[in-house]
Structure formats: structure tokens, C-alpha cells
Amino acid sequence: MMKFRFRRQGADPQREKLKQELFAFNKTVEHGFPNQPSALAFDPELRIMAIGTRSGAVKIYGAPGVEFTGLHRDAATVTQMHFLPGQGRLLTLLDDSSLHLWEIVHHNGCAHLEEALSFQLPSRPGFDGASTSSSLTRVTVVLLLAAGDIAALGTEGGSIYFLDVTTLALLERQTLSPDEILRSVPDDYRCGKALGPVESLQGHLRDPTKILIGYSRGLLVIWNQAAQCVDHVFLGNQQLESLCWGRNSGTIISSHSDGSYAIWPMNTGSSPTLQPSVATVPYGPFPCKAINKILWRNCESGGHFIIFSGGMPRASYGDRHCVSVLRAETLVTLDFTSRIIDFFTVHSTRPEDEFDDPQALAVLLEEELVVLDLQTPGWPSVPAPYLAPLHSSAITCSAHVANVPAKLWARIVSAGEQQSPQPISSASNWPITGGRNLAQEPSQRGLLLTGHEDGTVRFWDASGVALRPLYKLSTAGLFQTDCEHADSLAQAAEDDWPPFRKVGCFDPYSDDPRLGVQKVALCKYTAQMVVAGTAGQVLVLELNDVPTEQAVSVASVDLLQDREGFTWKGHERLSPRAGPLPWPAGFQPRVLVQCLPPAAVTAVTLHAEWSLVAFGTSHGFGLFDYQRKSPVLARCTLHPNDSLAMEGPLSRVKSLKKSLRQSFRRIRKSRVSGKKRIANANSKLQEANAQLAEQACPHDIEMTPVQRRIEPRSADDSLSGVVRCLYFADTFLRDAHHGPTMWAGTNSGSVFAYALEVPAAVAGGEKRPERAVEAVLGKEVQLMHRAPVVAIAVLDGRGRPLPEPYEASRDLAQAPDMQGGHAVLIASEEQFKVFTLPKVSAKTKFKLTAHEGCRVRKVALATFASVACEDYAETCLACLTNLGDVHVFSVPGLRPQVHYSCIRKEDISGIASCVFTRHGQGFYLISPSEFERFSLSARNITEPLCSLDISWPRDATRARVQESPKLSQANGNPSIILAPQSCDRSPDLAHKGADTPEPPESTLSPMSIDSATSADTTLDTTGDVTVEDVKDFLGSSEESERNLRNLTEDEAHTCTILIK
């Protein structure tokens, strides 16, 4: 059938200007822990920390909200980083031996990180009088001399080059070759062996002309840069790993590959030192792994700290990731769950101070950052205000709650503080406090909830740039698992030596995969929430400020409804514990609803005002009254061919034979679908629409194919009964009378609408009477193409979404218009469609798949406030497609407004993890440990706005040799935009919190907004107007026929108007 459309109308300048004031796409900040960190640096003067990654990213952190991000042009691993103290400049070394100088510069009061210079060490033959290959000139270690203007580069070949940091240019005739060092070494030590690569370079704190050099063979040399001679030689014979110079410069500490460390005294004589004063293997006598890094810090109170990584007994604990802290007779072996990247201590670095007096120890691991307070007895961990590992257990779902009431926020924070093992005062001991956050304090608070594989739900403060952990809810304590027995055996088998101490919260191993959280829902006004899991468990919880001990009511809901021919082949249900159980302060379970079969919960919704919770799986959906603790409804949505639904996510019983048979069956059906149509009640209507389109088509209309042909999906497809969305609404399902309703959408394009009889609460009371809730099937809609239903929302008479429970009754939101006719917006994977209520007749639609060739993955209704007028806002529909594009449509007109490329289409996990907020922002995972935050709103933007007090040397001012790179990271694959960064907004106005108060919408009617058609708007005017199969179960049969007849006339009339 020919498809056609009107000629595009000209762009409306007023509407285009309005769209610029409402919509703007920005990727603003990355929350969480950097993926695959590879290097660490700390500036003790500015109190800022830098982390480099394998992808070439550089991230600098200070006080909460102070963040700077940069990206190298080459996606190479950052191997080392060094701050120029107090200057806000950072020197990075990549694994290709290139050096890069970064600078924190200020524009209009805001600081940004920019790359200033880069340098590649030459590897041509004959360089500096020696024949060198690229492998021998590979840089192994970098040292910034105390003055900060010269860097020493140790290489694989044993040579040391000197670099002018201000220009990144080599200093001529200052290269130190290993041959020159060997002249100062006794003949019997040379014995024909090379010194090996330069393993360590250390500067003298009080004498910047002296450099301590350590070679891989074990030789230690003190080089006098001013006199160009060797001051002293230490003849070590064990392979060297790292060096540390004591503060008084009278002691040198070296660590070695055999798990030992040695202390070398500084002799005044010129003869070489043959033996260290102390040489010990701390975890001997059996063979040990290498001590990769060692630090020596002295204290005014007496004694000293020796901190080192590695050195564990190779046979018994060689797989452990440990940092040992030794002071006097106290030894603690910090046991981490991921690989150690680097560590540093926060201590005094002023030359005039006699003691180090370390305050804190920061350890960068592959999956988290751990900071220990060294001034508090027991050396407790300091809770991190940011950089918390989001993936301490794998994230399985997420949700955002905007405009959280202050009372609920304080209760959640209090519950989280009671979970902390150390006093909250230790939070003030966070040592990385550099810079100033210039962003305004958000007027409203936003919560980000993440569900995890281990059955926990974590609450995060998502109001600003720093994603701060608030509270952790664990559901595993309600169920019996085998993990307790395994833990007791592990503890019994562990000896007292080495003195291990578990540190950190990263735990990638789940005790039972059935505990995984699939869906969460929170009512911010009643502090009630629902947590649904992998084994069909649905938990209703309520916030309690004090610990209690109580039993949890358990109820089961059979979603198969005794349907024959189905046998569950998946995992078993979780067994709940019996009797009263202790629950800490926080969210405590009240009711456990177990779905049967115990399949993963695919949809859940909560209505606290009605005390109802709805849940759905791959078998059907149920409705539960958690006030009376009794089920209200159970509906099976299985098709007779839904065999996969009975296997479960953890089962692999589908045979190759069955898979091939289903594939050939689909091919046959697709071949005949265009020739043969199944007779149904709407066939005559379709023929009439086709004839009408052919007759009414004028010859002067531009005939252009604007839609792709979309084949209807087969009802026999597996998993067609999966419930994709659930929704509660107070709307019109019966004629002229509104009341509570529940809506359910499935994978096969079916929508079920139930009218609910909920006893009304007594005036002034919070709880409703104890009478039973009744549910009656009111409507059943079958979408023509059987595309999965992604979301359902009811719009009031003004075309606005209905408020959340308690918002209208407590005057927290504008009351919905219950006088005019309501409409229901049904979003499927292929199209959006608005139906009038209660007749359920099609009103407006937009076929996204036919127009754009993509499918809908995520949908949300969001409010977009204008940057030009504080009182103007529009409610729009935001959707994310399987191509990673974000589209925004007007509501209820469904006219396209803007669309942006957001996520790479290859990143399926990033698209699946996306969550929208109510104010036009969104989050999605760019790695297992990082959320990328983006904004679709021109007004609500959460981005770093900060400054740093830096002091550059006088000669630091120079012209840039290249433009600064700006990080534009799209789902883990950063791309470079060669543009200088600038701050074009004043700091006090640029930052608007994620949850700013929602301004009232304009008095402009929705129809007038929709009537403004821009150049990119295409009317969905085609000849193949389809009508959904709508069944009305509330009216009489005559009334149903009359509604169907009205529906037919309305569709035909609409089609006639559109075509003409």
C-alpha cells in the first residue's frame, strides 16, 4: 500500500526559540569509581588526588564536588602521575613512554583541566652519543626534583635523562649513563653484569641536588646533580623493587623481589656500603612474593611506620592482595579483594619539619579506594564522601526518586550513620580536601537507588556532583542460604598469622544468585518501599528509626492459576527464616509475597495510599493488599507456546532441535504474512480504510515513502507473556465515574485494565478500612503489531500526568483535572499511542520504528523548565532507543521535539541501565563502576563548578602548543573534542540541582503547544490506519458494539480529515 505524507511545514521561529530554552543535551559528570585505574598521585600542598586509567583518562579529586577530568589523545594506559606541588600541574607518563603536562586553569572563575604540552623520548640510533633502541629508552620511572622545574627520567636501558618541565625539552649533555655509574663501583661488583633498568628514583627532601637511584640488579647510588658525581654507593645483590628515603636522610629503605626489605645506613665515608644494617623477610622463612612498594614514615610520638605492599608467603597466601602496616610491635595485614594499584600517605612535607607524622593512608585498588586514619587507635577506615564503588556487588537495577522530603532524607541519613562501624566524626578526617565547590546547594534532594546481585539496595545522594553513599538495605537476612556455613569454615581454617584484616567493601561474589534485586519502588511520602528479586520474592518494607525484632508475614500467589501443561524447570524459591528476626534501624520488611513459579520479577509498582502492590513475572501479574496481607488478583499471561517462560533465567534446558524448529516456523510465517491474513472482526474496517485512502488521495500531494514496513509479531513467540510494566491510576474506566485502576502491559502487546474497589479512608485518617479490595477486568487492548508494551501513563483533562500518591491529597502538587476526559498513553517498543478514556479509542500516535528504524527501550515523562521564564515548563515524553538515541516528544500531541545521540548502539548494558529523572536528567552505566550523568534540560544541569588556589612560578606563562582536549565520554569510549574549555555561566547561576522545584506549566493549552509544528515534524498520515483490538468487560454487549462502532467512525473520520 502506498504511504504518503503532507509537505513539511516551515519552521515556526517562536517554537524553535522555545525549544532552545527548554532542551539542551549535556553529559555533565561521571559518578562512581573510575574504571580500570592504573596510576595514582597526591599533591600534599593543594590536598588533591589524581587517578589515571587504562583508557587514558585523568581524573583529579579534591573536596566533595571538586572534580576535574581530562583525556589523553591516545587511548594508552597511564602508568605514572606526578603533581608539581602547589602549582595545579600534573605530569603523566603513558605506557608508550610519552609524557604529558596538564594544567588546572581558570576561566571566568571556574577551573578546568587542560593538556598543555607533550613529549616523546627520542629512540633514534646515535642519540646522545649512544646507540639506543626503543626498548632501552622506554621510561620506567619519573622523578620531579624538589624545585619542580626539572624531571629525571629513568629508562629500561639504565640511562637517566633530565627534562625541563616548563617546556618539556631535554636538557643537553646532562644524560646520566650506566657506564658513568659503573666507574664508581668496585671491579668485583661489575663482573660483566649490567645494572639493569632504573627501578626507582627518589629526591632528597632538604637537598634537591641529591638523587637516590636504584637499579634492578640491586645497586643503590646517591648522585649529586650539582657536582655531577657519585656521593655514595650501596652494593645490593638482591633484585630491587622500590626505594624510600628516610626523612632525616640518614636512612634508606629498599624492598626486593624475594619478599624482603633492607635498611641501609648513610655512612660519611667514601667507601661503598656493602651490607644493610637490617635485612628481614617479614613473612618468611618460606619463599615470599616481591614487596612492590615500601614507605618509611617517622613520628614525633616515637617509633616509625613501615608500610609495604606484597611480600606474602608465595605458597599459602600468594593470591592475596595485601598492604602491611608495621609500627613498633604492631603489625596489621590489610587484606583487600582486588589488586593494589598504588598507595600514599598524607603527612607533613615541609622541609623544616623534623617528623613525617602521617595522618592517613590512601590505597588505590583496582575496584575501590580505601583510606585509613593512622592517627586513631586501630587505624579505622574513613568513609569516602565520593568514589564509592557502585559495583561492590554487581548492579542489577536502578531507580531515581526526585524531590525527597527533608524528613525522609534525615531518617535515611540517620539509618545509614547507625550502620557505620566508626563514629561519624571520622568523616571529617577525609584527607583529600583541596579546592572549593562553587555550585549552589541544591534546594531539593534526589535519591539514586541501585539494586545489587547480593540482595542489597543502596541509597545514594544524587543531588550534586559527588555521589555520596547514604544507606544500605540488605534483604539476605530474611532467607536461609548456605553462605553462613561456608563462612564459619573459612574462619575456622584461617590462622592468626599473618594478622589479616578485611578492608574495603568490594565483594563481587554473590552468596546466592536468587537474592539478586530486579526491581525497586519507593514511596517518598510514607517511607514504604518494595524490593523484588530473582526468585519471585516481593518484599514490602517500611522505614523504622529504631531496631526491632519481629516476624515477617509470608504469602504466596500462584500466577499459573492451575493451568495445565506447564512445568517449572527453573530454580527453587528462597526459604524464608521462621520466627521473629532482628532488624536494624532502617527499612524493615513487613510482608514477603512469593510468586509461584519463582521466576524473576519483571515489573513492580506501589500505591501506598491504597496499600496495594502489583508485581509481574514471565508468567503473569498479581495484585496484593499488604494492609490486609491478602492477595487481590492473579492473572496468567502465558501463551500455550511460551515454553521458555517455564525454564527460568538460570536454566539451560532449551535444545538445539527446538531452537531450529522455532526458527524455521518464524521464517515460514514471515513469508506468508504478506499474502495471507487471518480473518478477524476488524478486516472489513481495514479494507474500508484502504479504499478511503486510495479514493481521497489528491494528485498534488508529495508522494514520499516515510514509513518502513513492520511485520506483525507472531503470538506464538516465546516469552510473549512477560509482564513489562504495571501502573496505578485514579481515572475513568467506567463511564463518567473515576476510580482506582490498575494497568498491566505484556511482551505481546496486550494491555489489561482493571477497575479496583478500594475502601475509602476516613477523613483525616491515613489508613483505609480493613475491607477487602476487589478487582474487575475493565478493558483489554491488543496492539496490532504485538510489540512489547514498555510503559503506560494516564493523562488528565489538561494532558498532564497524574500526580503520585499523596501528592494531591497533601497539596504537594496541583490536583489533576478530573472534569474533562482522560487519556492513556501506551508506549510500546515500536510506537506511542494515546487512547481516550473511558472509550479507549485511538486519539494520537507516533510510529517510532516505522519512522526512525529503531525500537524503544526506556520511556519516562519529564518536566522541562525554561531558562528564560521561571514560570514556564512543559511535560514531555523522553525515550531511549536501542540505537542509543534519546528522543523527546510533546504530550499529549506526540510531536517530535528534539533528539540526541547519547549512548553507543553497541553498548547494550549501557542502554539497559539507563534511568530518567522527573526533571529531564538521566543516568546510565558506562562501566560496571561508573554512571554517566546527562541532562536533556536546558535549565536543570548538574556539573562540576569549582576553583583551586594555585601558585605558578614566574616563568610558567607560555603559549600553548596545542588546543586543550575536552572529555566527551560516550559510554566508556571517550572521544576528543578539540576545543578550549570555558565557563560561560556565572558560578552562582550555572548549577541547578537535579531536583529543583517543579515550576507550574504555562497557561498555554497543550493543543496550542502541539500546534506549533517545526521543520522536523512529520505528520503520521498514512493509508494503513490500524485499530487495536479493544475489549470492554464493564458495559453490556450492546454498549460494547456501540463503542466499537463509534471507534470505527472516529478512526474513519479522522483518516478522512488527515488525508484531505
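## Terms and basis of the model

A residue is called buried when its relative accessible area is under 20%, exposed when it is over 50%, and partly exposed in between (1.4 Å probe, protein chains only). The model described here is predicted, and local features need pLDDT of at least 70, side-chain atom pairs count only at pLDDT 80 or more, while totals for chains, interfaces and linings use all residues. Residues are numbered from 1 along each chain as its sequence is written, and side-chain values use heavy atoms, with hydrogens and water left out.

## Helix α1

Helices (H or I, at least four residues) and strands (E, at least two) are DSSP runs, numbered from the N terminus. Helix α1 covers residues 13–22, and its buried residues are Arg15, Leu18, Lys19, Glu21 and Leu22. Seen down the axis of α1, these buried residues fall within an arc of 160°, so they line one face of the helix; the arc is that of the directions from the helix axis to the C-beta atoms. The face turned away from the buried side of α1 carries the exposed residues Pro13, Lys17 and Gln20. At the start of α1, a side-chain oxygen of Asp12 comes to within 3.1 Å of the backbone nitrogen of Gln14.

## The largest nonpolar core

A nonpolar core is a set of buried Ala, Val, Leu, Ile, Met, Phe, Trp, Tyr and Cys residues joined through side-chain atoms within 4.5 Å. The largest such core has 36 residues, and those with the most contacts inside it are Ile412, Leu447, Val457, Phe459, Leu473, Met529 and Phe587. Helix α5 (residues 406–419) gives the most to this core, with five residues.

Contact means heavy atoms within 4.5 Å. Apart from neighbours within four places in sequence, Leu473 is in contact with Gly455, Thr456, Val457, Phe459, Met529, Val531, Leu541 and Phe587.

Two strands pair if DSSP finds at least two bridges between them.

Strands β36 (residues 528–533) and β37 (residues 537–544) run antiparallel and are joined by five bridges. Met529 has Leu541 as its bridge partner in β37.

## Loops and backbone geometry

Most residues other than glycine have a negative phi, and most peptide bonds are trans. The peptide bond from Leu596 to Pro597 is cis, with omega near -5°, and Pro597 is found in the loop between β41 and β42 (603–607). A cis peptide bond also runs from Val891 to Pro892, with omega near 5°; Pro892 is in the loop between β56 (885–890) and β57 (896–901).

Lys629, although not a glycine, has a positive phi of about 55°. Lys629 lies in the loop between β44 and β45 (630–636) and is partly exposed, with a relative accessible area of 44%. Val840 likewise has a positive phi of about 55° and is not a glycine. Val840 is placed in the loop between β52 (831–836) and β53 (842–847) and counts as buried, at 2% relative accessibility.

Terms used. Polar contact = N/O pair within 3.5 Å; in protein donor to acceptor, adjacent residues only side chain to side chain.
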